[in-house]
Amino acid sequence: MTGKRRTNGTGFFGRWLRRSLRRSLSANAVGTASLALSSALVFCLVAVSGGVEARLGQDLAAYGANLLVLPRSAPLRFGLGTLELGPVEEDRRLAESDLRALAGTAPRAGVVTVAPALLARVSIDGVAAGAVGYPWDALRQLNPLWRVAPRWPEGGEVMAGSSLARRLGLVAGKVVEVAATRGRAVRVTVAATVETGGTEDEDLFLPLALAQDLAGVPGQASLALVRADLRGRAPEEAARAIEAAVPGAEARTLSQVASAEASLLAKVRRLLLLVTLALGSATAFTVSGTLGVLLLARRQEIGLCLALGAAPGTVRGLLLAEASASGLAGGLAGCVAGALAAEAVAASVFGALVPVGWAAPPLALGAALALALGAALWPVERALRVSPCDTLRAP
Amino acid sequence: MTGEHIRIERATRRYGDTEALRAVDAELEAGGWVSLVGPSGSGKSTLLHLLGAMDRPSAGRIVVGDTDLSALDAAAATRFRRERVGFVFQQHHMVPYLSALENVMLAQWLHSLADAAEAEGALARVGLAHRTSHLPSQLSGGERQRACIARALVNEPGLLLLDEPTGALDWGSALQVLELLARLQRESGFTIVCATHNPVVARWGDRIVTLRDGSVAADERLAPERPRAEAPRPEAG
């Protein structure tokens with residue numbers, strides 16, 4: 001052979017594939033559209049599930065702290081919401097400055113909010129009561145669901161738990177004398193009463209600095225409530241990071257809150273995965289069925305290629321390459337449609353735009369390709385079982 | 001190119017309880033043109049498929065040149081088909097989305113390398129130099145069959161198998177195809193085995209083997225000097 005335009009194996013196969021694709025992509029429009037739909041949904045689910053997790057994280061933050069930092073070996077008897085944890089020894093304390101610096105010193109803990117607290121026994125107008133000092137801003141961030149009336153206190157004001165307020169007749173605007181056990185006393189204004197739904201309803205809430213002043217322990221705290229971002233992070237891992245950052249501290253996970261978050265997020269992920277799998281299966285059946293019908297119509301072509309001496313692997317390669325191209329086309333279309341759908345879903349469900357993570361496009365494309373190839377395997381193998389003798393026989 | 005010599009020894013093909021071919025014995029000379037005739041179901045196509053290694057005998061042997069087809073595995077049979085046999089079918093089957101040129105190049109590529117110039121030459125030899133870029137749907141039946149002949153012969157096989165090659169053509173086109181085949185065989189010397197219902201087409205061969213119920217019923221050798229082109233108009237089909 002002396003021709004000037006010899007085409008090597010890959011070259012002619014590419015030409016054959018291009019010609020074949022031009023026809024099969026239009027013939028297999030239904031299959032490609034199904035793949036595009038699946039890919040769009042995978043894209044949308046991945047993008048929106050990221051948004052759902054972020055949103056859930058924000059919403060779950062409303063349930064308060066998920067880590068408690070105590071002086072090491074302190075007996076844990078302290079109340080937090082509906083959790084009865086009991087009193088903490090008053091003479092073991094942590095440095096407030098170490099606790100406030102946690103976000104910077106324990107980056108692996110994912111600390112979002114720290115509320116150092118000082119527990120104290122006080123008398124209010126001569127009546128003994130439990131008191132706890134907090135920085136108002138941190139307390140408010142950790143407990144957005146508390147019912148505070150008429151408003152959150154500011155500066156040197158105090159706030160009475162609802163049970164305590166009923167017992168002592170404390171109302172907003174009333175000025176009371178608060179005295180520490182060691183004799184120091186101040187007159188303060190009750191700015192609000194609060195319903196926490198827990199044991200804190202028996203406490204008087206003071207600004208942290210005032211509590212430290214009354215107790216005579218400036219710059220110290222009995223404990224700290226910590227809100228950490230536990231997404232993708234084990235609660236225990238965050239606790240260990242905090243212990244490493246605060247000398248003499250022991251961090252404990254508030255397991256009910258932490259496990260509720262983990263469980264809810266896991267359920268959301270599982271639900272989304274099941275929806276994706278169900279949809280993927282439906283698409284695989286659709287694509288497989290459509291391809292089966294199309295290949296049935298191409299039996300003579302396949303039989304002819306086999307009769308001419310094409311190895312089954314060559315014909316299989318051509319047909320699977322066609323399926324891949326269909327998957328790629330469907331995947332790309334699906335990415336565009338999925339991005340638009342994710343925006344629409346996010347706007348209607350969350351009222352905000354969902355940022356598309358880097359994982360969504362490759363996952364959507366990969367899903368379309370895997371579906372296309374997976375769905376093509378059986379029809380292609382069945383088509384290759386044709387006998388050229390049967391398909392090429394004269395009618 | 002030299003034609004393939006074929007030896008058929010007690011070749012039998014069974015499909016379940018049905019015997020499509022019954023212990024057929026024959027020897028076909030290299031470079032000859034053998035017509036297989038007989039009614040539908042007589043075993044013509046079955047024998048053709050066995051000769052082309054598209055099927056295997058249930059018993060007996062078929063030896064083409066020095067190759068025992070009954071001993072070939074699937075991969076070796078595929079190699080045999082692409083390297084040593086050319087096929088032409090009644091329905092002038094072509095890959096519908098490839099041009100005439102690309103259909104010929106496909107056979108080249110399956111054999112070894114696709115060569116556009118050589119494929120164009122093959123089409124020119126069958127009178128289709130001006131139709132190389134046309135799709136099968138843009139060619140007439142006769143043109144499609146000539147393109148199939150070009151494809152079958154482009155790799156210079158020693159054996160050309162024809163299954164009712166003129167069955168779907170009008171007589172004018174059929175005559176062109178037969179004359180073309182005769183000319184190409186004279187030039188290249190390949191062996192032709194042609195299954196046909198048509199007695200006029202059968203007489204283009206130099207030997208007519210008649211099959212009936214899967215067995216050889218008659219074996220007639222024709223005079224080499226017979227006037228092929230003046231053969232009477234064949235009956236349809």
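Analyst: Chain B contains seven helices and eleven strands; helices (H or I, at least four residues) and strands (E, at least two) are DSSP runs, numbered from the N terminus. The model is predicted, and local features need pLDDT of at least 70, side-chain atom pairs count only at pLDDT 80 or more, and totals for chains, interfaces and linings use all residues. Residues are numbered from 1 along each chain as its sequence is written, while chains are lettered from A and ligands numbered from 1 in the order in which they are written.

Of the 237 residues in chain B, 51% are buried, a residue being buried if 20 or more other C-beta atoms, placed from the backbone, lie within 10 Å of its own.

An open antiparallel sheet of four strands in chain B runs in the order β2-β1-β4-β5. Its edges are β2 (18–28) and β5 (67–68) of chain B, each with a single partner strand, so one side of each has no neighbour in the sheet. Strand β4 (residues 59–64) of chain B pairs with β5(B) in the antiparallel sense over two bridges; two strands pair if DSSP finds at least two bridges between them. B:T67 in β5(B) is the bridge partner of B:V64.

Turning to the helices, the axes of α3(B) and α4(B) come within 9 Å and cross at roughly 115 degrees; axes are lines fitted to C-alpha atoms, for helices over the stretch in contact, and angles run from 0 to 180 degrees between N-to-C directions. In this packing, residues of α3(B) including B:A100, B:L101 and B:V104 meet residues of α4(B), among them B:A119, B:A122 and B:L123. Contact requires C-beta atoms, placed from the backbone, within 7 Å.

Beyond its neighbours within four places in sequence, B:L123 is in contact with residues including B:V104, B:L128, B:A147 and B:A150. B:L123 and B:V104 are also among the residues that touch the most other members of the largest nonpolar core, which has 114 residues; such a core is a set of buried Ala, Val, Leu, Ile, Met, Phe, Trp, Tyr and Cys residues joined through C-beta atoms within 7 Å.

Finally, 32 residues of chain B are in contact with 28 residues of chain A. The largest share of the side of chain B that touches chain A, seven residues, comes from α3(B).

Definitions and conventions
A residue is buried if 20 or more other C-beta atoms lie within 10 Å of its own, exposed if 12 or fewer, and partly exposed in between; C-beta atoms are placed from the backbone. Two residues are in contact if their C-beta atoms, placed from the backbone, lie within 7 Å.
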